[in-house]
Each structure stands twice: as structure tokens, then as C-alpha cells.
Amino acid sequence: MPVEITWWGHATATVRDSGTTVLTDPVLTLRCAHLWRRRGALPPPAAHRADAVLVSHLHADHLHLRSLSRVAAGALLVLPRGALRAVPRLRRLAAGLEVCELTPGDSVPVGGVTVRAVPAAHDGRRLPFLPRRVQPLGYVIEGEARTYYAGDTDLYEAMAAETGPVDTALLPVGGWGPRLGHGHLNAERAAEALVALRPHSAVPVHYGTFWPVGMAAVRAYEFHSPGDEFVRHAARLAPGVRVHRLGHGESVRLAVTGR
């Protein structure tokens, strides 16, 4: 059975593997704090239903409380350990969901897959008000295939060793504003990650969706270009990796290769 990946915009994607649906960092609204959705329709109600929802870290464009409130009841909400304590509103919001907190190296079974937490090199605080640091995570979804969702991260020396062999990598290649801060991958550094990870295929995420209100004309290429730049850098640095640059709401079905 092929694995299917749908990109809904920013870091929100659905991974279907072994009859199990996993949703990453859902942002299901037109607005997210001071950001507005400039490209791509809202994810449809069908995207709100998942067996598991993975939240990589506490920043509002990844742990988005209004969007989590729209997730269909019964899903397993997977969080970095300490998230419930750091964000008190999350505990009330998650009342209809099963909750599991993980640290790097932990794993949890969900339907036909296992979700394994891996490190990420990023700021784990809930900005701008809460100083408590919570270890940000990436995740490897292991079923018929191994799909790595990196969350927000920069390159770090042990990335390939911590992640292990993967078939597909969902990598952030941009941001949501005119400057990409510390702890992020740009298009070229995401392509460098492919060299270390050596997946069969890659899907760029975390670009071309949200932008600050009133700043549409400021460094607009940072909004529009990262996906194409990632394709170009990946062809140069990791020509053996097949890159699928999806449009908003577009899916790709990936054949499962032998292990």
C-alpha cells in the first residue's frame, strides 16, 4: 500500500500510512496571531480528522490552540514533554483528545504505525510571554514506510543518527516573515539536510502560506521562492532524492520501497 502525503500549507500535512492518518502541526484557520493566510484555501473539514496529531513545539504557528480545538474528538495528541504544564490552556482544550507527551527517543503506537520522537534544534519556548523551555521535537512515522517530519529545526551534527533511515523527509524550507531566525532551515540548508538523511523522497513545507498582516510587499521573495529554491538546491546537492513540491491541498502517493 503506498503512503500518501497531503500538504495543507505552512507546516500542516497529513500522512496516511498503513490505514492510519497522522496530522502535523495543524493550523486550520485564516489567521494565526498576526499572520494571515495569503495562499491556499483553508484545509477542508476532512483534514480535521486524524488518528494522531503531532505537535512539534510550542510556537503559535505550530501549537495553534484554535486549530487544535477543531480536531475531531478521539485523536491522539502527541506533544513534547512539558507542553501541558507550559501552556495551561492546552489542558482544557485537549479534554476531548487522548494526550501523550514524548521526549526524544520515546515512541507511541497509533493504529498501524509507530510515532517516534527525535530531537530538533530550535527554541522551545512559548513566545512571547511564557519563559518555560520545552524540548522541541521532530517525528518519524514508521509503518509501511518511514516518514520524517522535522518540525522546526536547524541542521545539527547528529540529525541523521538520531533520525535513522527514512524513506521521505518533510523539511521546513522557509518561514512566515521577511527574516528567517535562528533555529530554522532555509532552502539551501534543507537541501544539505538531504545529503545527511539520504531519503528516497522529500516534500518541502513551512513556506508560502502565512505572512504578517500589512507586510505583503516586504521581501516578498521570502514568501514565494523557498519551494522552488529547495528543488534547485536539492538537484545540485542530493540528485538522488526525488523532491515533490506540492501545491496547497495537493497530495502525492509514494510507493513503498523494500527495506
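Reader: What makes one face of strand β9 covered and the other uncovered?

Author: In this predicted model, the covered face of β9 (residues 107-110) is made up of Val-108 and Val-110, while Ser-107 and Pro-109 form the uncovered one. In a regular strand the side chains alternate between the two faces of the sheet.

Reader: How do you know that β9 and β10 pair, and in which sense do they run?

Author: Pairing requires at least two bridges between the strands, and β9 and β10 (residues 113-119) are joined over 4 bridges in the antiparallel sense. Val-110 has Val-113 of β10 as its bridge partner. In this hairpin 2 residues stand between the strands, and Gly-111 takes a positive phi near 55 degrees.

Reader: Why is Thr-20 called buried?

Author: The cut-off for a buried residue is under 20% relative accessible area, and Thr-20 has 3%, so the term applies. Thr-20 lies in strand β3 (residues 20-24), and, leaving aside neighbours within four places in sequence, it is in contact with Val-15, Asp-51, Val-110, Gly-111, Gly-112 and Val-113.

Reader: What makes the approach of Thr-20 to the backbone nitrogen of Gly-112 a polar contact?

Author: The limit for such a pair of N or O atoms is 3.5 Å, and a polar atom of the Thr-20 side chain lies 2.7 Å from the backbone nitrogen of Gly-112, within that limit.

Reader: Why does Gly-177 count as buried, and where is its place?

Author: Gly-177 has 10% relative accessibility, and because buried means under 20%, it counts as buried. Its place is in the loop between β15 and α5. Not counting residues up to four places away in sequence, Gly-177 touches Trp-211, Pro-212 and Glu-222.

Reader: What makes β4 and β17 edge strands?

Author: The open sheet has 3 strands in the order β4-β5-β17, with antiparallel pairing. Because β4 (31-32) and β17 (210-212) each have a single partner strand, one side of each is left without a neighbour in the sheet. Strand β5 (residues 35-37) is joined to β17 by 3 bridges, and Leu-35 stands opposite Pro-212 in β17.

Reader: How do you know that the length of helix α7 agrees with what its residues should span?

Author: Helix α7 (residues 226-237) has 12 residues, which at 1.5 Å a residue should span 16 Å, and its end C-alpha atoms are 16 Å apart, so the two values agree.

Reader: Which residues of α7 are buried, and why are they said to line one face?

Author: The buried residues of α7 are Pro-226, Gly-227, Phe-230, His-233 and Ala-234. Seen down the helix axis they fall within an arc of 125 degrees, and therefore they line one face of α7. An α-helix has 3.6 residues a turn, so residues three or four places apart point the same way. The face turned away from the buried side carries the exposed residues Arg-232 and Ala-235, whereas the buried residues pack against β15 (168-172), α5 (187-197), β16 (201-205), α6 (221-224) and β18 (242-243).

Reader: What makes up the largest nonpolar core, and which element gives the largest share?

Author: The largest nonpolar core has 52 residues, and those with the most contacts inside it are Leu-102, Val-108, Tyr-139, Tyr-148, Leu-171, Leu-194 and Phe-230. Its largest share, 6 residues, comes from α5. A second, separate core has 22 residues, including Ala-47, Ala-75, Leu-79 and Val-134.

Conventions
Residues numbered from 1 in each chain as written. Predicted model: local features only at pLDDT ≥ 70, side-chain atom pairs only at ≥ 80, totals over all residues. Heavy atoms only, no water. Expected span 1.5 Å × (residues − 1). Buried < 20%, exposed > 50% of the residue type's maximum accessible area, 1.4 Å probe, protein only. Arc of directions from axis to C-beta. Contact = heavy atoms within 4.5 Å. Core = buried A, V, L, I, M, F, W, Y, C linked by side-chain atoms within 4.5 Å. Polar contact = N/O pair within 3.5 Å; in protein donor to acceptor, adjacent residues only side chain to side chain.
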